[in-house]
Each structure stands twice: as C-alpha cells, then as structure tokens.
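Reader: I have a structure on the screen and would like to learn how to read it. Where do we start?

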Amino acid sequence: MFVMKLVGCILIFCSTSGIGFLYAKEFEHRQEDLNSLKTMALQLRGEIRYAMTALPEAVEHIAKRHDGRLQPFLFEISKKLSERSGESMLQIWSACEEKLSVTSLTKQDKLFLHQLGESLGYLDKEMQLATIDLFLTQVEQTLKELETIGKEKKRLYKSLGILTGIFLIIIIL
C-alpha cells in the first residue's frame, strides 16, 4: 500500500512539475515566434522597398529563406498567390492563417498578423510599407513586454508546477 502511494506521489510530482516547465517553454516559443514574425516583416519590407518585388514573389523569397514554424504559412500564401485564382490577398491570407496553429502565437498576435494581411496587396507601395512598419512596432512592443516579464513568468510557471506537486503529495499522504 505504501509503495503504491509513493509511486503515485512521484507520478503526481513529475506530472505537475512537467506541466509547469511546459508552460515556461511555451512562453519561450511565443517569443521565438514573435521574433520570426519580426524577421518576416523586415524581409517583406526590404523586398517591397528596395528590391521592388511584387508581393507573390516577395512572399515566395521570404518563405524560402525562412526557417521556423511560420514557414508553412508563408509557403501556403506563396502557393495560393502564384495560382492566380482571382481571390483577394485578404481571402488568401485568411485561408492560410490555419497554418499558424503550430505556432505559440496568442489570439492578439494572430490579430496583428491578420491586420497586416488585410492591408497587403491592394494598397500602394507606401501604404503597404507604412502598414508593415505599424506591424513591426506592435511586434516590437509585445516583445519588449515579454522581455520585461519573461524571466519572472517562466520562473513562476516552473515554481507553481513544483509547488502544486508538493501540495498534492502532502494532501495524499
């Protein structure tokens, strides 16, 4: 009987601690994904401003250079744009947003990205660049906020996982 309680306590402690560490890792992944979004937007801005590349080719170039969880999203946009099906950029962008499910982006992050997609493709070059700059400002602000609270939140998640495990063990014993 005691051995079964001991094994149960070990499993509970390991699982609650694991959940705490999982939440901390998910927080880190969100920061990585936001940095990927920032890189993508900077590359898109460069393609539009300096290379004067059309949007379908610009997205294709970025998708080929990008490595990360945003790559399927970018490749899907590139593929649909090259098909020239007559859909608007917003329709294509919205349809491809399902590929973002593998990322750790929050609803707010995805909303920023959706707003970027709403403005691309039909505005003139300067307005597209201004929209990209606005998106970059939003992403940078979010990254700064995450950076200031990041260490504390990750430590909190890990500590809560461990302490929850200890608390449950005390209740069981």
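Author: We will go through helix pairs, then a pocket, then a cavity. Keep in mind that this is a predicted model.

Reader: How do I describe the way two helices lie against each other, for instance at what angle α5 and α6 cross?

Author: Look at the distance between the axes and at the angle between their directions. Helix α5 covers residues 107–119 and helix α6 covers residues 125–172. Their axes come within 9 Å and cross at roughly 175 degrees. Angles over 145 degrees count as roughly antiparallel. The two helices, α5 and α6, are therefore roughly antiparallel to each other.

Reader: Which residues of α5 and α6 meet?

Author: On the α5 side they are D109, F112, L113, Q115, L116 and S119. On the α6 side they are Q128, T131, I132, F135, Q138 and T142. Sorted by class, this contact of α5 with α6 has five nonpolar residues, six polar and one charged.

Reader: What is the angle between α4 and α5?

Author: Helix α4, residues 89–96, packs on α5 at about 155 degrees, and the axes are 7 Å apart. That angle makes α4 roughly antiparallel to α5. A crossing can also have a hand, and the one between α4 and α5 is right-handed. From α4, the contact uses M89, L90, W93 and S94. From α5, L113, H114, L116, G117 and E118 take part. The residues in this contact of α4 with α5 are five nonpolar, three polar and one charged.

Reader: Is the crossing of α3 and α4 left-handed or right-handed?

Author: The crossing of α3 and α4 is right-handed. Helix α3 spans residues 71–83, and its axis comes within 9 Å of that of α4, at roughly 145 degrees. Here F73, E76, I77, K80 and L81 of α3 touch M89, I92, W93, A95 and C96 of α4. By class, the contact of α3 with α4 has eight nonpolar residues, no polar ones and two charged.

Reader: Which helix gives the most to the lining of the largest pocket?

Author: That is α6, with eight residues. The elements α1 (2–49), α5 and α6 each supply at least two residues of this lining. The lining of the largest pocket divides into six nonpolar, five polar and four charged residues.

Reader: And how many cavities of 30 Å³ or more are there?

Author: The count comes to one cavity of 30 Å³ or more. About 50 Å³ of space lies in the largest cavity. Its lining consists of M40, L44, V59, I62, L74, W93 and L120. Two or more of these residues come from each of α1 and α2 (55–65).

Reader: How does the lining of the largest cavity divide by class?

Author: It has seven nonpolar residues, no polar ones and no charged ones. W93 is one of them, and W93 of α4 also belongs to the contacts with α5 and with α3.

Note on methods:
Residues numbered from 1 in each chain as written. Predicted model: local features only at pLDDT ≥ 70, side-chain atom pairs only at ≥ 80, totals over all residues. Heavy atoms only, no water. Axes fitted to C-alpha atoms, helices over the stretch in contact; angles between N-to-C directions. Helix = DSSP H or I, 4+ residues; strand = E, 2+ residues; numbered from the N terminus. Parallel < 35°, antiparallel > 145°, perpendicular 65-115°, else oblique. Contact = heavy atoms within 4.5 Å. Nonpolar A, V, L, I, M, F, W, Y, C, P; charged D, E, K, R; others polar. Left-handed = near helix turned anticlockwise from the far one by under 90°. 1 Å grid on protein atoms, 1.4 Å probe; cavity = no way out; pocket = protein on both sides within 12 Å on 5 of 7 lines; lining within 4 Å. Points joined across faces, edges and corners; volume = space filled by probe spheres on them.
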